Every structure is written in C-alpha cells, then in structure tokens.
Amino acid sequence: MSKGEFVKLQAVFWDMDGTLINSEPYWHEAELQVAKENGGYWDKDLAWSCSGTSLTHVAAMMIERGTQLDEQTIIEKIMRIVEESEQRLLPWIEGVEDVLISLKEHDIPCVLVTTSPRVMAQNLYEHAPHNSLQTYVCGQDVKHHKPDPEPYLLAASKIVITPEQMKHCIIVEDSATGLTAAKSTGAFVLAQTAYNQNTVSADLYNAAIHGYDGVDAQYLNALLG
C-alpha cells in the first residue's frame, strides 16, 4: 500500500522520551546525581513530575530544593550525563523501530518533536532505522515549548503540512505536557502509556496504546476512521 492509498494519514509526529526511546531513566539518574553532588534534594517522584517539561523548568525546581548551582550549569551537567549515556546506547522502545520502518515503506513522513537539546535530537535522528525520520524539531528551535503547540506546528510546516491538514496526522506522546501540546494542534493524539508512570487524563488523547504490539502503518491509518 502506498501513501496514495492512505487517503487519511498524512504524517506522524513523534515525541522522543517515552515514545521512541525509554530514556527517562537516563534523565532521572542524571538529575539525582547533579542534585546529590551539589547539596540539593531530588527524588524519582520529583523527576517524574518534570517529565516532558523543559530543562529550564527542571533546573529551577532543583535550585528551589537546594542544588547549589546556577540554572545554566545544572542544565549543562544534566545534558552531558544523558548525552554520554545515549551515545553509548540509544534505548529504543521495543517494537517502535518496526513501526518507523512500516511508515517509511508506505511513504508516510515521520518527524521527531522533542524538548530535548539539538545534540540529542540529532543523535536519534541519525540512528533512526532506514532514515525513517524526515526531520526534527528540538528545544532550541522554538520560543515556546510544550504544552504550547508551537513545536508541533513548526514540525508540520517543515514537511508542508498546514494547520488545516493536522486532522489527517497523528501525534504520539506520553506526558501530560506533550499531550496538551498535541491536542491543541487538532491532530489525532495517540498516547503511549507503557513508559511513563504518571497518569494522564483521557481528555488529552483520542486513543492509547501500551507498547507497540500490533502497531504498523495500516493500524495507524485506521485510527483516523
């Protein structure tokens, strides 16, 4: 089946952490390490509460809880630790590479949309199977981060998808922050619930999956009705 036969699905936009790769443990361990080494308090509940938010927000919360570093230094230290971890091993979520390949085979463009910095987005983009990601938007590309829809609307414009055409697209997200951004675009919002321990309101998505068993291009196209 070619894209021409996919009369509904025009593109799929992907969040990174918790949807393509299970890197949240990398981020959480980095935050815990930086806080511990610099006089602050941090725990995994706090780390999860920041899931999907910007590093600026994370750093501000860490400073409030005693981390004796300025915001930029915290961000740089966390980024360095996570970047080194991801360079050693990109923790692809089981089954998602097959989904990307299926979409590529059917000429459905996929775009990465992440709050993560460029070096991490570029690393994942370059290692996606069969060049299955057409482009990406990272945290440094936008003025307003998720939950603002700006990152997704910029990503759409990069592949010549208009706001009116977003209803023919799917956004895969896992956090409340990302789902809120996705819903604001008018796209079909698919929640990935397997790798984020935070409960998200069903009002924020159109459908949910728990892992990628049975998910391929045909499955995603069928979601659009």
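Predicted model: local features only at pLDDT ≥ 70, side-chain atom pairs only at ≥ 80, totals over all residues.
Me: Which residues touch the most other members of the largest nonpolar core?
Reply: Residues are numbered from 1 along each chain as its sequence is written, and side-chain values use heavy atoms, leaving out hydrogens and water. A nonpolar core is a set of buried Ala, Val, Leu, Ile, Met, Phe, Trp, Tyr and Cys residues joined through side-chain atoms within 4.5 Å, and buried means under 20% relative accessible area, exposed over 50%, partly exposed in between (1.4 Å probe, protein chains only). Among the 52 residues of the largest one, those touching the most other members are Val12, Trp14, Ile78 and Leu103.

Me: Which helix gives the most to this core?
Reply: Helices (H or I, at least four residues) and strands (E, at least two) are DSSP runs, numbered from the N terminus. With five residues, the top contributor is helix H3 (residues 55-64).

Me: Over what arc do the buried residues of H7 lie?
Reply: In helix H7 (residues 150-158), the buried residues are Pro151, Tyr152, Ala155 and Ala156. The arc is taken from the directions from the helix axis to the C-beta atoms. These residues sit on the same side of H7 because they cover an arc of only 135°.

Me: How many residues apart in sequence are the parts tied together by Asp15 and Lys146?
Reply: Their side chains meet in a salt bridge (3.0 Å, N to O), meaning a side-chain nitrogen of Lys or Arg within 4 Å of a carboxyl oxygen of Asp or Glu. Asp15 lies in the loop between S1 and helix H1 (24-37) and Lys146 in the loop between S3 and H7, so the separation is 131 residues.
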